[in-house]
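This report describes selected features of a predicted model.

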Amino acid sequence: ALSERDELEEFQQAAQRRYAELIQDASEAELGQLESELSSTLETFAPGVGVDLSWDTENVIDIQMPQADIKLEVDDFVSEVEHAGHGSQRAFIISLLQNLAIHSEEMGSTGEDEGDHDPSLILGIEEPELYQHPNRQRHLMSILSSFDDQGIAGTASSVQVVYSTHSPLMVSMKRFDDIRSLSKIEAAEDLPKHTQVKQSSLETVARQMESVFDANEGTFTGESTRARLEPVMTPWVNEGFFSDVVVLVEGLEDRSALLGRASARDIDLSSQGVAVLPCNGKTKISRPAVIFEQLGRSVYVVFDSDHDDESEAVINKRLLRLVDTEEEDWPSGVYEHHACFQENLTECIRTSLGPDFYDDALRDACDKYGYHKQSRGAKNPTVMSSVFETAKEDDRSVSKIDEIIDQVLTMT
């Protein structure tokens with residue numbers, strides 16, 4: 001903005017003229033004498049050749065823009081940026097990026113020429129989430145996404161933003177096609193591991209969904225696929241991008257049951273690289289499952305057959321096609337890549353432990369942890385762990401839940 005001011009341009013032109021005058025007035029005699037001496041010497045070596053000297057005073061004056069002396073003030077203490085804490089440094093970078101994004105948007109809205117010849121820009125950041133609170137991580141992601149969408153007006157018409165991250169807040173299921181999953185895999189014997197890159201796309205997911213729904217090609221589009229991912233866009237689901245094994249379940253009660261049973265068996269699924277993710281219903285399981293598989297994750301699907309509802313048979317067959325197994329209306333059992341129950345997982349647990357025992361154990365656990373409604377307590381893994389601990393003391397078990405956990409652990 002400073003370099004474009006008319007006053008500075010006029011100042012530079014005036015300085016250039018004055019400079020040329022000073023040089024011409026002060027040194028014309030000296031330059032003429034040097035020209036004569038050089039010509040005389042050159043004549044002895046090359047007869048008929050002379051030297052013509054003149055000053056080149058065009059475009060000599062270049063007004064440099066001042067450098068901003070940047071300091072950060074933290075708790076009334078002012079220091080250089082490099083001496084501030086890492087969190088403050090990265091917050092300052094975020095502020096610069098946000099200011100740049102706002103400036104770009106304002107320039108674009110005024111209709112100014114953004115420059116057909118602006119260079120392309122690749123902005124690379126390693127782990128931008130470090131030292132940042134969750135809300136700032138989300139904010140930074142939105143800023144970087146805006147550059148990717150609109151470029152940087154007056155600087156770059158095409159911007160590609162590349163960053164590495166370990167934060168589920170810096171990725172989005174909605175933009176899964178932007179993600180590149182990098183993992184180390186075994187190479188040939190006696191050779192080091194090499195990096196494998198996995199990715200997915202809207203079109204490949206759409207074609208896969210047509211197979212799951214047994215629909216004609218073209219039934220699903222990339223944009224409809226993206227729109228249908230909205231209900232499952234949660235930080236929980238995003239954890240799947242960073243896991244080795246993704247277990248997709250219908251809801252919070254199913255998640256709590258699996259985590260609670262694993263805890264009662266002294267198994268920490270997270271430490272094994274396993275993420276148990278609720279999808280808000282079994283109709284929303286298929287798309288995340290396809291995406292995670294294409295990105296190189298092992299996927300295990302758990303759903304209820306709901307055999308008391310005839311309309312559920314169609315959905316059950318779709319999920320069986322998803323896991324590439326034989327279709328049937330009311331599947332039940334624990335298998336290599338999926339598990340399903342005639343009614344639902346909660347009823348399976350209740351039946352296995354005994355209805356009265358389960359109800360009493362759940363009520364005691366809810367009282368212990370301050371839940372007035374058992375339906376809410378059942379959605380808490382700690383409450384369910386307490387239920388299974390009580391069952392363990394009474395020598396009761398839930399074999400199907402144990403089978404699911406054991407099968408999932410073989411996939412890690």
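## Nonpolar cores

In this predicted model, the largest nonpolar core comprises 37 residues. Within this core, the residues with the most contacts are V247, Y300, V302, I349, L353 and I404. Helix α11 (residues 355-368) supplies the largest share of the core, six residues.

Leaving aside residues up to four places away in sequence, I404 touches L258, Y300, V302, V334, A339 and F341.

## Packing of α4 and α8

Helix α4 (residues 202-212) and helix α8 (residues 286-294) have axes that come within 10 Å and cross at roughly 125°. This angle makes α4 oblique to α8. The crossing of the two helices is right-handed.

On the α4 side, the contact is formed by T204, V205, Q208, M209 and V212, which meet S286, R287, V290, I291 and Q294 of α8. By residue class, the contact of α4 with α8 divides into five nonpolar residues, four polar residues and one charged residue.

## Loop residue E310

E310 lies in the loop between β9 (298-304) and α9 (312-322). Its relative accessible area is 64%; because exposed residues are those over 50%, E310 is classed as exposed.

K282 and E310 are 28 residues apart along the chain, and a distance of 15 Å separates their C-alpha atoms.

Terms used
Residues numbered from 1 in each chain as written. Predicted model: local features only at pLDDT ≥ 70, side-chain atom pairs only at ≥ 80, totals over all residues. Heavy atoms only, no water. Axes fitted to C-alpha atoms, helices over the stretch in contact; angles between N-to-C directions. Helix = DSSP H or I, 4+ residues; strand = E, 2+ residues; numbered from the N terminus. Parallel < 35°, antiparallel > 145°, perpendicular 65-115°, else oblique. Left-handed = near helix turned anticlockwise from the far one by under 90°. Contact = heavy atoms within 4.5 Å. Nonpolar A, V, L, I, M, F, W, Y, C, P; charged D, E, K, R; others polar. Core = buried A, V, L, I, M, F, W, Y, C linked by side-chain atoms within 4.5 Å. Buried < 20%, exposed > 50% of the residue type's maximum accessible area, 1.4 Å probe, protein only.
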